[in-house]
Every structure is written in structure tokens, then in C-alpha cells.
Amino acid sequence: MIQIAVMGFGTIGSGVFDVVNTNREILRKNAGDDVEVKYVLDIREFPGQPVEKVLIHDVDTIIQDPDVSIVVETMGGVEPAFTFVKKALEAGKSVATSNKELVAKKGAELLALAKEKSVNFFFEASVGGGIPIIRPLLSCLTADDIEEVTGILNGTTNYILTKMNREGMSFEAALKEAQDNGFAERKPEADVEGYDACRKIAILSSIVLGQRVDFEDIYTEGISKVTTEDFAYANKLGWEIKLLASSQKADGNVYAMVAPALVKPGHPLYAVSDVFNGIMVHGNMVDDVMFYGRGAGKDATASAVVADVVEAAKNPGVTVYGGWTEEKKALSDIATSRKQFLVRVKNEGLEAARAAFGEFDAMDACVEGEFGFLTKEISEAEFAEAAAKVPEMLHRIRVQK
């Protein structure tokens with residue numbers, strides 16, 4: 001009997017409880033033994049619910065029980081999750097988590113501790129929900145030099161942008177619909193300002209680079225300034241606007257960024273819409289590999305967590321992943337990265353824009369009082385210098401190669 005404990009009985013924790021109880025036969029077959037939830041840790045009570053029989057309120061009950069070999073952490077946040085996970089690893093128990101904040105902030109330390117104790121710290125569900133991406137990067141793609149990881153890593157923002165594009169909604173209206181449908185939190189800043197995607201690309205970058213990438217060092221820009229006018233130009237071009245999280249090696253530099261971008265037809269992420277996520281990985285040998293699926297949600301994320309439980313059960317006493325070191329990886333200044341930009345300018349700024357950016361073909365997207373144009377490929381610093389000379393500029397969006 002493989003006995004596990006679940007710390008946190010929110011959306012994902014309850015999903016884990018359901019998966020274990022619903023898929024007993026599948027788990028027995030894949031794990032080689034029965035999997036049972038012995039404890040669920042939460043500060044709340046759940047009277048009359050099945051979880052009530054295994055509910056506890058003291059983490060030490062889990063830590064001190066030698067029969068619990070695997071702990072699932074679905075509490076969210078850094079504390080007390082970090083303290084509890086550290087205790088579990090120190091007690092010789094493997095841990096599976098969906099907590100991106102914990103992994104982004106403390107992943108290197110917890111991976112090192114797991115290796116020291118000959119157990120595992122698994123975190124597949126921390127990025128991409130039910131999409132398998134962590135394990136492929138740590139095992140299946142290790143023969144390649146991974147040159148780029150770019151993804152749509154947040155379902156809330158992708159849903160909002162899809163609504164703005166297909167139905168002409170404003171950002172505010174699309175956000176409200178996302179909240180009404182349960183796709184966005186009442187306080188949506190972590191999603192719409194790009195912080196959620198930032199933590200996820202920090203984790204993926206750390207895996208690819210083998211060193212800790214601090215999410216606080218990643219340039220992050222959300223979608224709250226994207227307008228229906230921006231979509232008018234995107235539609236004129238036949239392109240899509242997506243919130244992309246990207247980590248890329250280029251000319252000896254390593255760049256990481258989260259920002260809205262125009263995506264052209266033919267790009268692997270062009271058709272990823274609604275609440276779905278997509279992650280494109282480019283290796284020097286394998287070329288482009290695409291991962292697509294539900295990047296969030298109770299069932300999909302819980303499935304990924306329980307898959308980590310099975311992996312831990314199949315590898316007792318063996319640390320599967322080395323992960324990344326605690327040594328911080330310095331990222332290159334995005335000012336030196338080169339891109340093309342779509343720029344929107346008030347009509348009276350035509351001469352100033354041409355003086356600053358050089359000749360261009362003005363685009364008419366039937367937006368009153370303004371025009372748009374595409375720059376040549378320039379550095380972020382060159383763009384900022386030119387943009388400062390055009391006070392009539394309304395907005396700009398980067399173009400994804």
C-alpha cells in the first residue's frame with residue numbers, strides 16, 4: 001500500500017483526492033500497488049464530506065508517520081508551503097507539488113535537499129497544468145541544446161485575448177466574462193499583469209539553463225493595455241495577439257521576457273486559443289517541439305500531480321532529477337535584444353514617426369484619428385530612443401519571429 005498525504009484541500013488538492021479515489025485500478029497498475037490518501041491537511045473543516053474521515057490540522061502528524069512515503073503540496077504560496085515541504089523531504093518523504101510560486105522561489109534548494117535525502121521533489125503541475133513539459137525537458141530532450149522555450153502559459157489571459165479578438169470585446173468586458181465563468185480570480189492582477197506566466201517561464205528557464213533564474217529579473221508586461229484598436233491592426237495583418245513568456249539564447253546572450261506579442265500564421269502558437277496553453281521548445285537538433293493542452297483547471301492539474309505521485313512510487317530511494325543549481329543565472333538586458341514592432345500613432349504624428357523610425361508604409365485599419373506601421377528589426381534600446389521622439393505614439397506591440 002502506497003500511503004500519501006495531501007497538504008491543502010482547495011481546488012487542486014480536492015482534485016488530487018478525487019483522482020486517487022476515482023482511478024484506483026489505473027493507479028494500482030501504473031504504480032505497482034494500491035495508492036491511498038491517508039491524510040488531508042487543511043485549516044478548515046469539511047463536515048459531511050468524504051474527506052472528513054482523513055482530515056487533520058497538524059502537519060507533524062504527516063511528518064512523523066513512517067507509513068506516509070509521498071506528500072502532495074497544493075497549498076499555494078511560499079509559506080507555510082516551503083516549511084512544510086522542507087520538513088517532509090528531511091523526513092525522507094518524496095513531494096509532488098503544483099505550486100509555481102514555491103518552485104520558482106525555492107526550487108533549487110528543495111531539489112538539492114531531495115537529492116541529499118535520496119527522495120524526489122516533483123513539480124510537473126507547476127507549469128502548464130495537465131500539459132507534460134517538465135519531465136520532457138528533464139529527460140526526453142536532454143540530448144539537445146535547448147535554444148528557446150516560448151509559451152502561452154496563462155489560460156486566463158489567453159481567454160481574454162481570444163474574446164477581444166473574436167467578439168470585439170474591450171479588455172474590461174472580457175475580463176469580467178472570464179471572472180463570471182470562473183476563469184479569472186476576483187483579484188486578477190497575477191494573471192493579467194503577467195506575474196503568473198513570469199514565474200512559470202522562470203521555472204522552465206532554470207531547467208534549460210541548469211541554474212536558478214530569478215523571476216524578479218524577468219521583464220514582465222501584462223495585457224491590461226491591449227485594446228480593441230490593437231486587434232484592428234492585428235486583424236488587418238492576419239496575425240494574433242498572445243501573451244507570450246519566452247526564454248531564448250541569441251548571439252551569446254540569454255533573454256527572458258513576458259509580454260504581449262503579435263504571432264503570425266504558421267507559428268506553433270498561432271492557433272492556441274481560449275483557456276488552452278501551448279509551449280514551443282526549440283532544440284538545436286530536434287528543431288521545434290510543441291506541447292498543447294489544458295494549462296489549468298482542477299482535473300487537468302490534479303492529473304499531473306498524481307502522475308508525479310506514481311513516478312515517486314516507482315522510484316523509492318532514487319532521486320530521479322538533478323534539476324538546477326542555486327547559482328543565479330544572470331540574464332542579458334532586453335535592451336540589446338532585437339525585434340520588429342507594430343506601432344500605433346495619432347495622425348498628426350506622421351512626420352515625427354518617419355523622422356524617428358525612417359520610412360515606412362502607413363497602415364489603415366479603419367481606426368479613426370490614427371495609423372499604424374511596422375518597424376524594421378531593431379533593438380529594444382533603439383526602439384525606446386526613437387519612440388521618445390514621437391509624443392503622438394499611442395501603443396506598440398512586439399512581433400514574434
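Helices (H or I, at least four residues) and strands (E, at least two) are DSSP runs, numbered from the N terminus. The model is predicted: local features need pLDDT of at least 70, side-chain atom pairs count only at pLDDT 80 or more, and totals for chains, interfaces and linings use all residues. Residues are numbered from 1 along each chain as its sequence is written, and side-chain values use heavy atoms, without hydrogens and water.

On a 1 Å grid over the protein atoms alone, a cavity is a set of points where a 1.4 Å probe fits but cannot get out; a pocket is an open set with protein on both sides within 12 Å along at least five of seven lines; lining residues have an atom within 4 Å of a point. Grid points are joined across faces, edges and corners, and a volume is the space filled by probe spheres set on the points.

There are 2 cavities of 30 Å³ or more. The largest cavity has a volume of about 60 Å³. β7 (146-152), α10 (195-209) and β10 each supply at least two residues of its lining. Among the lining residues are Ile146, Leu204 and Gln248. The second largest cavity holds about 30 Å³. Its lining includes Phe122, Arg135 and Tyr321.

Now the open space. The second largest pocket holds about 470 Å³. Of its 22 lining residues, Gln248, Ser337, Arg338, Lys339 and Lys401 are the closest to its centre. β10 (240-250), β11 (253-263), β15 (338-346) and β18 (393-399) each give two or more residues to this lining. β11 gives the largest share, 7 residues.
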